[in-house]
Amino acid sequence: MTFEEMRKLASGYQPAKTFLAALRVGLFDALADGPKDSSALGRLTLCDARAIGIVADALTSVGILHKGEEGYSLSVESERYLVKGSKEYRGAVLEHIHASWEDWSDLEETLRTGSARCRRKSESLPKTDEALKNFIMGMENVTRDTAPKVAGRLPLADRERILDLGGGPGNYALAFLAEAPQAKVYHFDLPRVTPIARSFIEGKEGSERVEFISGDFLKDPLGGPYDFIWTSQILHMLPEAEVERMVVDLAKTLTQDGIFCVHEHFLDDAKDGPVPAAFFGVHMLAATPGGRAYSFAELEEMMRGAGLYKTERIDYGAKPRLLLGRR
Ligand SMILES: C[S@@+](CC[C@H](N)C(=O)[O-])C[C@H]1O[C@@H](n2cnc3c(N)ncnc32)[C@H](O)[C@@H]1O
């Protein structure tokens, strides 16, 4: 990497914070009904007009906003994804990213102590209801497009009892039901999350085949037997010993021909890439007491330890990848 590239890497926080702060003060909502100059934007967002103008110019420079004679305006994409109330609004996941800012600011201390002084230490979920909703609906924003794509790549057609562990909003549960016509999906999540998932899933196609299980997967019974177990983006929040125990416990709930599928930001076997998975590992270091990204090889070994000897890696062209395990 050249020094110029290093310098660029080091200043990566500047556009990120500019964008996230603008979202939080409602800059995009303020532009929903048409172009505005910085004075009008200042009034509507309760911000200083000079300051908001500087931010709007920066966002224009990267193409999130446009600027013309009538002032600043939304791009097609920012109107679609960043304005609250838009059908395709995806600000929840951006708010969730922003919520980790302080965890990242503590990274030096985390490096020294080895464990994040995580604000959520006693509980794995954000504390306030608003932050929790941003987290869960943030997952919805991210999985809306990928869930049907992933479901299409999985051997689901003859499955009857599917566990969606830490199911979050429920996009995967719904996508699986579309691929597995006789299946029932057991959506397992913490009691504070089940009502959010229920209200998202209810009324959607296949929702009558979803059963909600409220519980803590670290201590409550997991139910079963299941002929398909799906864990998506949950193992990384746990320390290695707990992941190992979880894989063993889940394998015990599998039917003889059952399939265990892990969906994660898997690292390559040397654990030095791909880049998004490597930095996701740092994110887990910063934001959880003991989580990290795991490599395919590590999970394969855990699966073998749990009696699942046939494994298959699947790259479906997104950042997360899949690992299937069978007896
Ligand atoms: C990163 S989200 C992933 C959601 C979904 N599987 C996905 O891929 O979009 C992690 C999920 O695990 C759930 N979760 C975290 N700790 C849990 C626990 N101890 N027991 C049950 N669910 C838990 C969270 O509520 C959340 O829905």
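Which of the 17 residues around the ligand come nearest? They are Met139, Gly166, Gly168, Phe217 and Ser232, where a residue is near a molecule or strand if its C-beta atom, placed from the backbone, lies within 6 Å of it. This is a predicted model, in which local features need pLDDT of at least 70 and side-chain atom pairs count only at pLDDT 80 or more, whereas totals for chains, interfaces and linings use all residues. Residues are numbered from 1 along each chain as its sequence is written.

**Ligand shell and domains**

- Helix H10 (residues 129-152) supplies the largest share of the shell around the ligand, namely three residues; helices (H or I, at least four residues) and strands (E, at least two) are DSSP runs, numbered from the N terminus.
- By class, the shell around the ligand holds eight nonpolar, seven polar and two charged residues, with Ala, Val, Leu, Ile, Met, Phe, Trp, Tyr, Cys and Pro counted as nonpolar, Asp, Glu, Lys and Arg as charged, and the others, Gly among them, as polar.
- The protein is divided into domain 1 (3-88) and domain 2 (145-326), with bounds that come from an automatic or database domain assignment, and the C-alpha centres of domain 1 and domain 2 lie 36 Å apart.

**Strand S6 and its partners**

- Strand S6 (residues 226-232) is mostly covered, since seven of its seven residues are buried; a residue is buried if 20 or more other C-beta atoms lie within 10 Å of its own, exposed if 12 or fewer, and partly exposed in between, with C-beta atoms placed from the backbone.
- Strand S3 (residues 161-165) pairs with S6 in the parallel sense over four bridges, pairing being assigned if DSSP finds at least two bridges between two strands, and leucine 163 has isoleucine 229 in S6 as its bridge partner.
- S6 also pairs with strand S7 (residues 254-264), again in the parallel sense, over six bridges, and here isoleucine 229 stands opposite phenylalanine 260 in S7.
- Together with helix H13 (residues 240-252), S6 and S7 make a right-handed β-α-β unit; a crossover is right-handed if, with the strands pointing away from the viewer, the path from the first strand over the helix to the second runs clockwise.

- S1 and S2 form a hairpin with two residues between them; S1 and strand S2 (residues 71-74) run antiparallel and are joined by four bridges, and histidine 66 stands opposite serine 73 in S2.
- Valine 62 is found in the loop between helix H5 (49-61) and strand S1 (65-68), and this valine 62 counts as exposed because it has 10 C-beta neighbours inside 10 Å.
- Valine 62 and aspartate 227 are 165 residues apart along the chain, and their C-alpha atoms are separated by 47 Å.

**Backbone details in loops**

- A cis peptide bond, with omega about 0°, joins glycine 224 and proline 225, and proline 225 lies in the loop between strand S5 (210-214) and S6.
- The peptide bond from glycine 273 to proline 274 is cis, with omega near -5°, and proline 274 has its place in the loop between S7 and helix H14 (275-287).
- Lysine 271 is likewise found in the loop between S7 and H14; its phi is near 65°, a positive value in a residue other than glycine, and lysine 271 counts as partly exposed because it has 16 C-beta neighbours inside 10 Å.
- Leucine 46, in the loop between helix H4 (38-45) and H5, has a phi near 60°, a positive value in a residue other than glycine, and counts as exposed with 10 C-beta neighbours inside 10 Å.
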